[in-house]
Amino acid sequence: MYVDTIYIPYQSLTQEFKILPISDIHYGHKSCDVQKLKRDLAQKVDERTIIFGLGDWADSIIVPDKRYRKDFDGTETGAIIDEQIEGLASIFRPYAKQIYGIGDGNHEDVVNKNCGTQMMKHLCDKLATDEHKPLWLGYSWMIEVVFYQGTIDRQQQTRSLIVRGHHGWGGASRTEGAEITKFSHDVKFWNCDLFLYGHVHKIKSNDVEVGVKVGKQGWRTQLRRMVVCGTYQRTYAPGQVPTWAETKGFPPVSIRNPIIYAKPHWKSGVELRVEH
């Protein structure tokens with residue numbers, strides 16, 4: 001698991017930031033809605049946006065892979081991996097300053113195991129500038145986001161938000177509450193504020209409440225916010241040739257990602273609000 005800290009300046013306690021977790025783009029697959037991704041980025045990203053990648057940004061399925069199907073190969077050359085990395089870099093380069101980290105999914109992990117290359121690490125390198133480089137987060141990660149006033153050397157009014165991200169595990173379910181139940185178990189094991197998951201191609205959010213001691217004799221409820229982060233890959237494709245998800249009977253899903261609004265609180269911590 002990768003662990004790190006990032007520092008973000010803020011001007012006042014009325015300032016609100018947007019955490020934009022993006023998962024399961026599956027760029028390079030013909031069922032990837034590239035145009036919807038581009039529209040969402042253009043509409044949602046501004047200078048107060050914090051982008052985290054949750055994996056499976058690239059479809060990463062090459063010809064020797066048993067999952068490969070020519071009908072859904074959206075690349076134009078035989079250099080499938082290179083073309084997918086270049087395509088993602090082209091889409092995200094205008095927003096590179098707002099990308100704080102990109103993680104791996106099971107699709108990129110298969111390429112790493114079989115081909116010995118880290119696709120998302122290469123993507124981070126391509127998006128790097130002299131002022132900023134996205135972190136390569138790996139498969140699971142824990143990032144402390146420190147909002148501060150003043151300068152990086154003389155920080156004042158710091159507010160901390162600890163984010164745990166994991167690409168996710170297990171198959172996509174056919175029942176509405178299964179993902180909430182599955183990932184809620186993970187939330188119990190980590191002392192974090194915000195939990196981000198991908199893999200299952202759905203958008204869900206849930207609050208897990210825990211009791212914490214306050215002062216000598218008091219206590220209060222503390223919220224651990226959990227978000228399942230959606231997809232840009234259609235479950236079903238037009239025509240007679242089925243997608244893999246269609247053969248498994250998975251339900252159709254909407255193409256979108258959530259936004260988590262984060263606001264440094266006047267007392268302590270960071271207030272969170274989730275919008276689907």
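Student: Is Phe183 buried or exposed?
Tutor: Phe183 is buried, with a relative accessibility of 0%; buried means under 20% relative accessible area, exposed over 50%, and partly exposed in between, with a 1.4 Å probe and protein chains only. This is a predicted model, in which local features need pLDDT of at least 70 and side-chain atom pairs count only at pLDDT 80 or more, while totals for chains, interfaces and linings use all residues. Residues are numbered from 1 along each chain as its sequence is written, and side-chain values use heavy atoms, with hydrogens and water left out.
Student: What does Phe183 form with Tyr197?
Tutor: The two form a stacked aromatic pair, 4.4 Å centre to centre and with 5° between the planes. Rings of Phe, Tyr and Trp (its six-membered ring) pair if their centres lie within 6.5 Å; planes under 30 degrees apart count as stacked, over 60 as edge-to-face and the rest as tilted.
Student: Where do Phe183 and Tyr197 lie?
Tutor: Phe183 lies in helix α5 and Tyr197 in strand β8 (residues 194-197), so the pair ties together parts 14 residues apart in sequence. Helices (H or I, at least four residues) and strands (E, at least two) are DSSP runs, numbered from the N terminus.
Student: And how many aromatic pairs does the structure hold?
Tutor: It holds 7. One of them is edge-to-face, between Trp169 and Phe183, at 4.9 Å centre to centre and 85° between the planes.
Student: Which residues form one cluster?
Tutor: Trp169, Phe183 and Tyr197 form one aromatic cluster. Trp169 is partly exposed, at 31% relative accessible area.
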